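User: I would like a close look at a single part of this model, taken slowly and with its surroundings in view.

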Amino acid sequence: MSERDVFEYALLRVVPRVERGECFNAGVLVYCRAKSFVVARTHLDETKLRALDPEADVAGVRAALRAVEGVCAGGEAAGQAAHDDAGRRFRWLIAPRSTVVQPGPVHTGLTADPEAEAERLLALLVR
């Protein structure tokens, strides 16, 4: 059996009309401290988005999800977080906010492959 490490994850939720509080899952953030790994995997279901808000800014929501992916990737795509370590970028992304894309609560688990875990969680909880 391969060695497994602790990882943390949070769902990314789309809340098209913040005042109504209705939401759906559109991505997952995965962080593994032992591997200094953080990644976001996203999938926007436009049908769900339009069901909750027919006037939703689809391009804006996609841009917000891409921005989260960029922060996780680090480097120039991370903007001001470019020089932060993986843990700091994850903690910044999971901070509560009142925007259209919001993080959910943080959960933990064990994994031998955080990249595969991100794909598994995306398939299980988002798609």
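What covers the buried residues of helix 4?

Analyst: This is a predicted model, and the description that follows should be read with that in mind. The cover over the buried residues of helix 4 includes strand 1 (5-14), strand 2 (24-32), strand 3 (37-42) and strand 4 (101-111). The residues of the helix that are buried are Pro114, Glu117, Ala118, Leu121 and Leu122. Seen down the helix axis, these buried residues fall within an arc of 135°, so they line one face of helix 4.

At its N-terminal end helix 4 is capped by Asp113, a side-chain oxygen of which lies 3.2 Å from the backbone nitrogen of Glu115.

Among the covering elements, strand 2 is itself mostly covered, with eight of its nine residues buried. Strand 2 runs antiparallel to strand 1, to which seven bridges join it, and Glu8 stands opposite Tyr31 of strand 2. Strand 2 also pairs with strand 3 in the antiparallel sense, over six bridges, and here Cys32 stands opposite Phe37 of strand 3. Strand 2 and strand 3 form a hairpin with four residues between them, and in that turn Ser36 has a positive phi of about 50°. Arg33 lies in the loop between these two strands and is exposed, its relative accessible area being 68%. Arg33 and Glu115 are 82 residues apart in sequence, yet their C-alpha atoms are 13 Å apart in space.

Turning to the nonpolar cores, the largest has 26 residues, of which Val14, Leu29, Leu44, Leu49, Val61 and Leu65 touch the most other members. Two or more residues of this core are given by each of strand 1, strand 2, strand 3, helix 2 (58-73) and helix 3 (86-94), and the largest share, six residues, comes from helix 2. Apart from this core lies another, of twelve residues, and among them are Val30, Cys32, Val39 and Leu121.

How values were computed. Residues are numbered from 1 along each chain as its sequence is written. This is a predicted model: local features need pLDDT of at least 70, side-chain atom pairs count only at pLDDT 80 or more; totals for chains, interfaces and linings use all residues. Side-chain values use heavy atoms; hydrogens and water are left out. Buried means under 20% relative accessible area, exposed over 50%, partly exposed in between (1.4 Å probe, protein chains only). The arc is that of the directions from the helix axis to the C-beta atoms. Contact means heavy atoms within 4.5 Å. A polar contact is a pair of N or O atoms within 3.5 Å; within protein, one must be able to donate a hydrogen and the other to accept it, and residues adjacent in sequence count only if both atoms are side-chain atoms. Two strands pair if DSSP finds at least two bridges between them. A nonpolar core is a set of buried Ala, Val, Leu, Ile, Met, Phe, Trp, Tyr and Cys residues joined through side-chain atoms within 4.5 Å.
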